[in-house]
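User: Please take a close look at a single part of this model. One connected account will do.

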Amino acid sequence: MDSTVLPDTLRPQRLQPGIGLGSGQTGTLRSSLRPGVTVPIPPLLPSPASLCSSSGPPPPGNPAVLKEAVEAVVRSFAKHTQGYGRVNVVEALQEFWQMKLTRGADLRNGALVVYEMVPSNSPPYVCYVSLPGGSCFGSFQFCPTKAEARRSAAKIALMNSVFNEHPSRRITDDFIEKSVSEALASFNGNREEADNPNTGIGAFRFMLESNKGKSMLEFQELMTVFQLLHWNGSLKAMRERQCSRQEVLAHYSHRALDDDMRTQMAADWVNREQSVASTIAQELAATERELEDARLAGRELRFYKEKKDILMLAVGQLSAANTATLPSH
């Protein structure tokens, strides 16, 4: 997978050739995983821009390269965990997360992997899979059956889950310094900005340091909350109320994305719709294009998926409000 398929707001974090995933015994899924291939993975770490600007629609990827990379990881995974032969990726993905839970991973809602089929009566079928921490992936190939869509989603999720265990996917002091230096270079910033939590780059450093030791997937799950708060206009509203960036970051760093937050964001979009007609329809159309492009490129999808779900919730709220105001006969 070459870097041309990656959105500008995501920072490459390449694996070095020849690095495996551990040195434990092989032979069972519960033992250490050591894929024998090296494939660059879609990186999951947003740049500082994610704190102060929304992600633009990702450019389309190369489907053939993506398919080859995913299949290589799945084949290697099968070889090192179950011997040669075909691997049931749906079962493997579930057992992978069950293994993490039994090894002490902090999975607040358990190890259940959740699949969601997009309603359709004809191909291509589309399936999304949400991992226990909240990360979301989707089928990235043309899928003629619902079962194939489920397998396709499981493949890309398994690939990211496996590589997320690699030491290079952990946030360390060295990684923080390199990331901040790259951010300063990209935005023509100075070192003073990096030390001030009220600047965008300073907030980025604060977020990284607050999540030291976590994996890229775990960090992306947290960043999704801030991406949604920015997209919804919540961060701007908090700045207008004189809330400092550090106060906002400290508060929401410990706040999970829940139904209350989604409902409030949906209500904000209802208010916008009542001020300017067709606001929700236009935003929903743009969001669906972003989600489709990201899904076909094999990227992590939660930000786009949550946006769509919030907008659909707003449509439901608007419909309920209009029904409640209809005159009775």
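Analyst: Glutamine 242 counts as exposed, with a relative accessibility of 68% (exposed is over 50% relative accessible area, buried under 20%, partly exposed in between; 1.4 Å probe, protein chains only). This is a predicted model, in which local features need pLDDT of at least 70 and side-chain atom pairs pLDDT 80 or more, while totals for chains, interfaces and linings use all residues. Numbering starts from 1 along each chain as its sequence is written, and side-chain values use heavy atoms, without hydrogens and water.

Glutamine 242 sits in the loop between helix H9 (234-240) and H10 (helices are DSSP runs of H or I, at least four residues, numbered from the N terminus). Its phi is positive, about 70°, although the residue is not a glycine.

Helix H10 covers residues 245-252 and packs with helix H8, residues 216-231, at an angle of about 130°, their axes 10 Å apart (axes are lines fitted to C-alpha atoms over the stretch in contact; angles run from 0 to 180 degrees between N-to-C directions). The two helices are therefore oblique to each other (angles under 35 degrees are roughly parallel, over 145 roughly antiparallel, 65 to 115 roughly perpendicular, the rest oblique).

On the H8 side, Leu222, Val225, Phe226 and Leu229 make the contact; on the H10 side, Val248, Leu249 and Tyr252 do (contact means heavy atoms within 4.5 Å). By class, these are 7 nonpolar residues, with no polar and no charged ones (Ala, Val, Leu, Ile, Met, Phe, Trp, Tyr, Cys and Pro count as nonpolar, Asp, Glu, Lys and Arg as charged, the others as polar).
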